[in-house]
Amino acid sequence: MKKRISALLIGILVAACAAPSDSQRDALRFKEEYESLNGQENTSGIDYVDISIPEENPIIYADIDKLMEIIDSEGIIYFGFDECPWCRNALPVLIEAFQEKEVEEIYYYDIKEIRDELILNEEGIIEVIKEKSEDYQKIYDALYESLNVYEGLNDVTIKRLYAPSVFFIKNGEVVLMHESTVESQADPSVMMGDAQKQKLKDIYIQGLKKISNTYCDTNC
């Protein structure tokens with residue numbers, strides 16, 4: 001009986017030690033979420049760009065409260081979603097750059113369903129096709145000054161959080177925001193070339209430098 005109890009206790013301890021941490025679960029969840037679209041087509045019949053996400057990556061899923069906390073203090077936030085073709089181009093570069101600099105946390109927020117959709121009708125009046133969520137309004141208000149103008153509405157006061165957007169925040173201020181990939185990439189259904197990837201990587205590293213010199217060496 002004692003041997004059985006001891007074996008049971010050992011089994012429990014081994015299982016406890018092997019249980020993944022919250023960050024590990026987030027990393028695996030993120031990997032599975034984005035890689036699940038490899039080999040698939042979008043609703044327009046265009047193939048998703050195949051990407052490979054490392055099992056050990058710095059992605060942490062943030063809820064709205066955590067997001068507001070980071071915006072008011074310090075951290076890196078990636079806004080995007082798995083079906084976004086520009087996101088699928090940017091992500092491998094983002095993760096590679098941050099792993100090289102040993103960044104431990106990139107806070108991720110999926111914006112696919114929370115944004116409003118607006119159009120300018122034939123009379124020049126803005127129509128709401130889809131209402132924004134309360135969480136998006138909070139993000140919009142908090143980051144308004146750093147957002148780009150909502151394209152196609154002819155109103156510079158209306159802005160939009162596009163995907164992907166990476167925010168580098170220090171002391172409650174956005175020190176750098178980078179949207180999309182690089183200007184030379186015209187078609188997100190085709191993965192960027194090496195030179196384009198390096199240019200995007202350099203942008204992300206500059207963002208890290210603005211947060212802390214810890215992330216930078218003499219080559220920054």
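These questions and answers go through a predicted model and the reasons behind its labels.

Visitor: What makes Lys66 and Glu69 a salt bridge?
Guide: Their side chains come to 3.2 Å, N to O. The cut-off is within 4 Å, for a nitrogen of Lys or Arg and a carboxyl oxygen of Asp or Glu. So the pair counts as a salt bridge.

Visitor: Where do Lys66 and Glu69 lie?
Guide: Both are in helix α3, 3 residues apart, about one turn of the helix. An α-helix has 3.6 residues a turn, so residues three or four places apart point the same way.

Visitor: Why is Glu69 called partly exposed?
Guide: Its relative accessibility is 45%. Buried means under 20% and exposed means over 50%. The value for Glu69 falls in between, so Glu69 is partly exposed. Lys66, at 26%, also counts as partly exposed.

Visitor: What makes Lys130 and Glu113 a salt bridge?
Guide: Their closest N and O atoms are 3.7 Å apart. The limit is 4 Å, so the pair qualifies. This pair links distant parts of the chain. Lys130 is in strand β5, while Glu113 is in the loop between β3 and β4, 17 residues apart.

Visitor: Is Glu113 buried or exposed?
Guide: Glu113 is exposed, with a relative accessible area of 55%.

Visitor: Why is Asp116 called buried?
Guide: Its relative accessible area is 8%. Buried means under 20%, so Asp116 is buried. Its salt-bridge partner Lys132 is partly exposed, at 28%.

Visitor: What does the pair of Lys132 and Asp116 tie together?
Guide: Lys132 lies in the loop between β5 and α5, and Asp116 in the loop between β3 and β4. So the pair ties together parts 16 residues apart in sequence.

Visitor: Which residues of helix α5 are buried?
Guide: They are Tyr136, Ile139, Tyr140 and Leu143.

Visitor: How do you know that they are on the same side of α5?
Guide: They cover an arc of only 100° around the axis, which puts them on the same side. The face turned away from that buried side carries the exposed residues Glu134 and Asp141.

Visitor: What makes β2 and β8 paired strands?
Guide: They share 5 bridges, in the antiparallel sense. Pairing needs at least two bridges, so β2 and β8 pair. Among the bridge partners are Ile77 and, in β8, Phe167.

Visitor: Why are β1 and β9 called edge strands?
Guide: The open sheet of 5 strands has the order β1-β3-β2-β8-β9. Each of the edge strands, β1 and β9, pairs on one side only.

Note on methods: Residues numbered from 1 in each chain as written. Predicted model: local features only at pLDDT ≥ 70, side-chain atom pairs only at ≥ 80, totals over all residues. Heavy atoms only, no water. Helix = DSSP H or I, 4+ residues; strand = E, 2+ residues; numbered from the N terminus. Buried < 20%, exposed > 50% of the residue type's maximum accessible area, 1.4 Å probe, protein only. Arc of directions from axis to C-beta.
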